[in-house]
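Load the model in a viewer and keep the selection panel at hand. The stops below are meant to be taken in order.

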Amino acid sequence: MSVIDSLKRPEHTGANRCRPCTVVNAVVVAVVGLALGVLWLPAGFVVAAIGAALVYLRGYVVPGTPSFAPRLVAAVGLSGVFEHDDEEPRQSESLDANVDPDVMLSTLLDADVLVEREDGLFLTDEARDEWESAMATLRKASDDELAEAVAAALPFEAEVAAEFDGISIDGPSMSVWISRPQAIADVATLLAVTERAVDPMVSLAATEPLRMFTEVCPECGGPVEETTVRNCCGGTAGVYDSPEHEVLGCEDCGAVVYEFGDE
């Protein structure tokens, strides 16, 4: 396999290319190239050329682009010009394993990860202890060490990197960016749940839903409460955040652990 072939991502190019993703990345590459060109023309040219080549071969260069580019294009009124195929696999700030929710729920109940009571579903005490213990260990890791932990925990091969104060994951079936607190929680889920002989893909599907049961902040260990982006001091720093968007956020550091109503 040639170097060029190794860079290609057919799941994001050709017939699968997302036009908004391409447009947003082309603009980013052009802006960065022009900025560097002002300082030193050859550097600007090289960066622009490499960036354009990567967008052509891979579909995009900015991590997590599929999760925000279509909405960004729509926000500026250009969705009609650069249409996005809604039938393409969704790219989001979560690890989606495409597992049937009923299968996932029954598996977690059988594995004593969850218990069903009259007033709803809850983590079992043992599962919570294991989960929070894993989070306590992971929060001590550096960003690069956390990226390595994510790569090791995933049930498939993927390019994982610490970028933009979070973790980007670029694999054969997903391309996502998750925040550091969410990555800590999700890796802890993969470790704790898979150890109970649960299928790794089911464990992967459980990562985001189980964040709803968070009581201790994955990032700092502080208490977690139901709040809104407006009141959560950390926020999500996204242009699409609604001031009243409900989240589970840390009272101490403001980290957003789970976003309610995220589709």
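What follows is a list of selections, with a note on what is found at each.

**Ground rules**

This is a predicted model, in which local features need pLDDT of at least 70 and side-chain atom pairs count only at pLDDT 80 or more, while totals for chains, interfaces and linings use all residues. Residues are numbered from 1 along each chain as its sequence is written, and side-chain values use heavy atoms, with hydrogens and water left out. Helices (DSSP H or I runs of at least four residues) and strands (E runs of at least two) are numbered from the N terminus.

**Stop 1: the three-stranded sheet**

Select residues 159-163, 166-170 and 175-179. The strands β3, β4 and β5 form an open sheet in that order, with antiparallel pairing; two strands pair if DSSP finds at least two bridges between them. β3 (159-163) and β5 (175-179) are the edge strands, each with a single partner, so one side of each has no neighbour in the sheet. Direction ignored, neighbouring strands are turned by 20° against each other on average.

Glutamate 163 stands opposite glycine 166 of β4.

Axes are lines fitted to C-alpha atoms, for helices over the stretch in contact, and angles run from 0 to 180 degrees between N-to-C directions.

**Stop 2: alanine 197**

Move on to the loop between α8 and α9, where alanine 197 lies. Alanine 197 has a positive phi of about 65° although it is not a glycine. Most residues other than glycine have a negative phi. At 74% relative accessibility, alanine 197 counts as exposed; the classes are buried under 20% relative accessible area, exposed over 50% and partly exposed in between, with a 1.4 Å probe and protein chains only.

**Stop 3: the α5 and α9 crossing**

Select residues 101-110 and 200-210. The axes of α5 and α9 come within 10 Å and cross at roughly 90°. That makes α5 roughly perpendicular to α9, a label for angles of 65 to 115 degrees. Which residues make the contact? From α5 they are Met104, Thr107 and Leu108, and from α9 Val202, Ala205, Ala206, Pro209 and Leu210; contact means heavy atoms within 4.5 Å. By class, the contact has 7 nonpolar, 1 polar and no charged residues.

**Stop 4: aspartate 112**

Go to the loop between α5 and β1 (114-117), which holds aspartate 112. Aspartate 112 is another non-glycine residue with a positive phi, here about 60°. Its relative accessibility of 47% makes aspartate 112 partly exposed.

**Stop 5**

Select residues 224-228 and 246-250. β6 and β7 pair in the antiparallel sense over 5 bridges, and 4 of the 5 residues of β7 are buried. Glutamate 225 stands opposite glycine 249 in β7.

β8 (residues 256-259) pairs with β7 in the antiparallel sense over 3 bridges, and glycine 249 stands opposite valine 256 in β8. β7 and β8 form a hairpin with 5 residues between them, and glycine 254 in the turn has a positive phi of about 80°.

**Stop 6: the aromatic pair**

Show the side chains of residues 258 and 260. A search of the whole structure finds 1 aromatic pair, for which ring centres must lie within 6.5 Å. The rings of tyrosine 258 and phenylalanine 260 have centres 5.2 Å apart and planes at 80°, so the pair is edge-to-face, the term for planes over 60 degrees apart. Tyrosine 258 is buried at 11% relative accessibility, whereas phenylalanine 260 is partly exposed at 22%.

Terms used: Angles under 35 degrees count as roughly parallel, over 145 as roughly antiparallel, 65 to 115 as roughly perpendicular and the rest as oblique. Ala, Val, Leu, Ile, Met, Phe, Trp, Tyr, Cys and Pro count as nonpolar, Asp, Glu, Lys and Arg as charged, and the others, Gly among them, as polar. Rings of Phe, Tyr and Trp (its six-membered ring) pair if their centres lie within 6.5 Å; planes under 30 degrees apart count as stacked, over 60 as edge-to-face and the rest as tilted.
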